[in-house]
Amino acid sequence: MRLLRRILATAATAAVLLPLSACGSGDDGSSGDASGKIQGEISFQTWNLKANFKSYFEGVIADFEKQYPGTEVKWIDQPAEGYATKLSADAAGGTLPDVVNVSPDLAAPLARAGLALDLDKDPAAAKFRDEYLPGAWASSQMPGMEGTYAFPWYLNTGPLFYNKALFKKAGLDAEQPPRTYAELFDAALEIAKRTDGKVATLANVPTIEDFGRYGVPLMNEEGTGFAFNDAKGVELLTQYKKLYDAKALDRQALTATPESSGQKFLTGAVAMNPGSALDLENFKTQAPSLYENIGITDQITTTGHVNMYVQNVMVNAQSKQKPAAVAFAHFVTNAENQMAFAKQVAIFPSTKGSLDDPYFTQEDGTDETRVRVAAAKSLKTAVNYTPVLFSDQMKTELRNEVAKALQGRQSPQEALDNAVKAADRLLQQG
């Protein structure tokens, strides 16, 4: 469960660097579309799912083979560590599986190398488009390229958790948490002031997703360069600098990880932290006093759309058995199989109508269902704010420049200008 959550939360831990001349897992039939008889043997690769979900995937494969006699699915499950490197090696060596579990940023270099099937262009795949949430389908569209390069699979998002006891201690109304950025910044400064800087409100520096939620344009319209150094981006970083100076942003935020930030919240060192339904069980077992005082509120955005984390299923454009590969990728991600998977672990289907199921709409009085229902509602219009071309190296460059601004070593404008220059340089190198 923890590894699945980590995959969802990070979307991917590294960018894949592929030569544009990379070839796929076959050539016979690779020039045609996926029309034709669904038959033959295909390979299906997942990302660290076998340990906890072996019976589920074996059942899905058996059902597919029964529905399409003459097909055979060979399931490959790779460890979480080194997954990006493995994909890169397979792509370069011509051994990429027929159907592959990818996050959007892992699909991007494969699409640019001609290895990811364009679902919009292929008639056999395009007919399934309307089965999925628009935001989920768009998660595998690449800036500067036409088309969609993977089927949407499972999604996740989550609320903001806050510690009601810390809000009360600072004289704030614990039943009226911040709902706008202005309210968030004001509350954070007040909590720091009332506690003499002993309690911070936030434990993370702003990431690319935060700039997206704040309404900052992240890339230019052509998808050829980054644009988060505009006036609105500078405004957000300037606000974070005020929080850092007032100790309303945790002093260790410059080097924080999602795990360390979660631990800060768990121990009462910070007042707010993003999370998901998976966290509630941890609160209940590891920090009962926090669980008794847990507050749950919506993600704060200026756009009206929360951030979604997404995993997708890509079809190898060079597959020898393209009809079977497309059929299986759709089968894995259809409404019935996504719904069954969502009831085994706290994730959400990307198919239209699935989030209207009573499982995602009816509360039973528990915090777990409250979070699930709220998250499902927000996912209907959620977007993946992280640009698919924003690599792990780019994230590091942004984080380093943000740290310099918070420490006063450069202005917010200089920091974002430098981050954009670095990201653009890496984009051209890729």
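Colleague: Where is glutamate 221 found?
Modeller: Glutamate 221 sits in the loop between helix 9 (208–213) and helix 10. Keep in mind that this is a predicted model.

Colleague: Is glutamate 221 buried or exposed there?
Modeller: Glutamate 221 counts as exposed, because its relative accessibility is 81% and the cut-off for exposed is over 50%.

Colleague: OK, switching to salt bridges. How many does the count come to?
Modeller: The count comes to 11 salt bridges. Side chains of opposite charge can pair when their charged atoms come close.

Colleague: Which residue does arginine 194 meet in a salt bridge?
Modeller: Arginine 194 meets glutamate 190, at 2.8 Å from N to O. Both lie in helix 8 (residues 181–194), and the 4 residues separating them make about one turn of the helix.

Colleague: How accessible are arginine 194 and glutamate 190?
Modeller: Arginine 194 is partly exposed at 48% relative accessibility. Glutamate 190 is partly exposed too, at 23%.

Colleague: What about aspartate 245, which residue does it form a salt bridge with?
Modeller: Aspartate 245 forms one with lysine 241, and their closest N and O atoms are 2.8 Å apart. The two are about one helical turn apart, because 4 residues separate them in helix 10 (residues 231–245). Aspartate 245 is partly exposed, with 48% relative accessibility.

Colleague: And lysine 284, which side chain does that one meet?
Modeller: Lysine 284 meets glutamate 368 in a salt bridge, at 3.4 Å from N to O. Lysine 284 is in helix 12 (residues 277–286) and glutamate 368 is in helix 17 (residues 367–379), so this pair ties together parts that are 84 residues apart in sequence.

Colleague: Are those two buried or partly exposed?
Modeller: Lysine 284 is partly exposed, with a relative accessible area of 36%.

Colleague: Which of its residues are buried?
Modeller: In helix 17 the buried ones are Thr369, Val371, Arg372, Val373, Ala375, Ala376 and Leu379.

Colleague: What covers them?
Modeller: The cover for the buried residues of helix 17 includes helix 12, helix 16 (358–361), strand 4 (151–156), strand 5 (160–163) and strand 7 (294–297).

Colleague: New topic: asparagine 273. Where is its place, and is it buried or exposed?
Modeller: Asparagine 273 is in strand 6 (residues 272–274). With a relative accessible area of 8%, asparagine 273 is buried.

Colleague: What does asparagine 273 touch?
Modeller: Leaving out residues up to four places away in sequence, asparagine 273 touches Pro159, Leu160, Phe161, Asn204, Ser261, Gly262 and Phe265.

Colleague: Last one: how much space lies in the second largest pocket?
Modeller: The second largest pocket holds about 460 Å³ of space. It is lined by 19 residues, and the closest to its centre are Ala138, Gln141, Pro143, Asn384 and Pro387.

Colleague: How does that lining divide into nonpolar, polar and charged?
Modeller: The lining of the second largest pocket has 11 nonpolar residues, 7 polar and 1 charged.

Note on methods: Residues are numbered from 1 along each chain as its sequence is written. This is a predicted model: local features need pLDDT of at least 70, side-chain atom pairs count only at pLDDT 80 or more; totals for chains, interfaces and linings use all residues. Side-chain values use heavy atoms; hydrogens and water are left out. On a 1 Å grid over the protein atoms alone, a cavity is a set of points where a 1.4 Å probe fits but cannot get out, and a pocket is an open set with protein on both sides within 12 Å along at least five of seven lines; lining residues have an atom within 4 Å of a point. Grid points are joined across faces, edges and corners, and a volume is the space filled by probe spheres set on the points. Ala, Val, Leu, Ile, Met, Phe, Trp, Tyr, Cys and Pro count as nonpolar, Asp, Glu, Lys and Arg as charged, and the others, Gly among them, as polar. Buried means under 20% relative accessible area, exposed over 50%, partly exposed in between (1.4 Å probe, protein chains only). Contact means heavy atoms within 4.5 Å. A salt bridge is a side-chain nitrogen of Lys or Arg within 4 Å of a carboxyl oxygen of Asp or Glu.
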